[in-house]
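Welcome! Please take a moment to look over the structure below, and then we can walk through it together.

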Amino acid sequence: MSSYQISLIIQACISVISITGIFALTGLAGMFSLGQAAYMAIGSYTTFILANRLGIPFWFTAIIGIGFSALIAFIAALPTVRLRKDYFSLITIGLGQAIIALLITFSKVTNGAQGFTKIPKVKNLVWIALVITIIMVIIIRNLKYSRFGRMCIALKNDELAAKSFAINVYRLKITIYILASIIASISGILIGLQSRVLLPETFGWTASSEQEIFLFFGGTNSLTGAVVSAFSLKILPELLRNVTLFGQSMQEYRTILYCILIILVLNFRTAGLFGEYELNFNFLKKGFHKLKSKKSAKKNNGREDS
Amino acid sequence: MNLQLIFNGISLGAVYALIAVGFAIVFSILKFSNFAHGGMISACTYIAYFFQASFAKTPPLWVTIVVTSIAGLFIALILDTIGYRSVRRKNSPNIYYFVTSITFAILIEQILTVFFGKTSYGFPAMFEKKSFEVLGANISTLDFVILLISIAILIVLMLVIEKTKLGLAIRAVSIDSKTGRLMGINSGSVIIFTFALAGILAGISGTLLGMKYSVYPGLGGSMLVKGVIASTIGGLGSMSGAIIAALLLGVIEMLSVYNLGSSVTPVILFGIMLLFLFIRPQGISGKYAQDKV
């Protein structure tokens, strides 16, 4: 495979990883965040600046970076999750803006708008990305069917009813927010490893809202839908690279295309492309069982004959 | 020196107030944060710029404002028709309004970027005398005119909402749309009227912002964040609270930019918002949008 195709796969993997976090936050708990890109920025900047300053391998500082973004998420969540959900999404926007402003202000450390480039090179990044993606998808899939996930879904559908069933809504919201920010910081670190340059404006609120839009495109209740839409919407504009419209490459129109698709989906299929559908392997199991029973039946027949 | 800073802050805050009110009026009726407002502001700024640039002799300011407010009205109605109407008809949860409005915000910003580029345009100079002196403070004519227009618009808006029958209908629907319908208010048309009002406000604030700053696609989005902060501090959905908070925010921003520099100012505004929500989550007005059983 050419390096271009490999980088495409890595990008799609990053997109899928970040959407699993968004799925846990918005799809399960119904909290609409527009500042998840801020945690990507916190995770990746902390990791690579520490790795560069202290001279330790980046995978070690990555743990510190992820922990630090979890800490920030905890501090930001304490006052905000008590309030109505609208306040929560407004505050997350403010948080995103504040983090970007901080990155630009402390340009001595982060190199500001020029971008931080002292990032180590990693071999076989595509395998690392793929493995992390699969682990993340499995974790979130199991989370959805666990007790915790069912509590989150109850919280999303009716907060007051969930409270009356003795669910500690406040703690649940903080936990899921921290989880989502941890996943976001992992994908942020991968972005850093892939592009080998960190720019403050890549982590703006449009990056965060793009993920939310992907989620609604696939269907908020379906992890399968979220993964498929994150993967395909990331790859789709690359396929249209050579198509031109009004003298410009279709890639320029990428975001416009997304938006029109989303508006169409919201208008005509409000639940998202996949609705409630989840991919499962029950049909394989059933087929296997059928095969087994047939075999054993044959054996029995054979015995009777002899 | 200080007087000048405070005056500039009030003038900035008055524009923020226009944005915050346009944001709050939609929130009070439909209980969602209308991010498309930022996109509408950007679009109206471009319309204002190209309207002015298309004439050899710059047309008077009020003509531009009337044109952009009509343009804003039409944009708002178009967005309502292609996006919000289906959400309303299907009785979908509020979050779909929110997603639709964010999509519109990104869509408008991208259309402007693709067709007009990321370069910024500057409005032609409007006034012959750039500034004048009051009590030793150097006050720019532009800021003064912006302040006057904003105050005038805000007064007209408050009169419409407090004194007319339509305003009464808006207030009734904002408290409870179902009861409003039982009392013989056509809440569908009240909602459309509210969107139209928000569009007009976006048009006017777009023109004023374009004159004050330069014209670029992200202008509306970045200004909307300030309006959102003001609206949050003032109490979501409350118009008088939003105006007071916006004026305060303008002054704080000016002082912060002067004393600490412009790059750190967003952090300070965010900190103020977080602190305010910690101490007084219901906002200045004390109206607390809370979920009911």
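Buried area is the accessible area (1.4 Å probe) that two parts lose on being put together, summed over both. By that count, chain B and chain A bury about 4,000 Å² between them, with 76% of it on carbon and sulfur atoms. Keep in mind that this is a predicted model, where local features need pLDDT of at least 70 and side-chain atom pairs count only at pLDDT 80 or more, while totals for chains, interfaces and linings use all residues. Residues are numbered from 1 along each chain as its sequence is written, chains are lettered from A in the order in which they are written, and side-chain values use heavy atoms, leaving out hydrogens and water.

Let's stay with the interface. Counting contact as heavy atoms within 4.5 Å, 46 residues of chain B touch 41 residues of chain A. Y96(B), V114(B) and F270(B) supply 14% of the area that chain B buries there, more than any other three residues. Across this interface there are zero salt bridges, a salt bridge being a side-chain nitrogen of Lys or Arg within 4 Å of a carboxyl oxygen of Asp or Glu.

Which helix gives the largest share of chain B's side? Helices here are DSSP runs (H or I, at least four residues), numbered from the N terminus, and α4(B) leads with 15 residues. By class, chain B's side has 32 nonpolar, ten polar and four charged residues. Nonpolar covers Ala, Val, Leu, Ile, Met, Phe, Trp, Tyr, Cys and Pro; charged covers Asp, Glu, Lys and Arg; the others, Gly among them, are polar.

In one of them, the side chains of E159(A) and K173(A) meet at 3.3 Å, N to O. E159(A) sits in helix α8 (residues 159-164) of chain A and K173(A) in helix α9 (residues 169-195) of chain A, 14 residues apart.

How values were computed
Helices (H or I, at least four residues) and strands (E, at least two) are DSSP runs, numbered from the N terminus.
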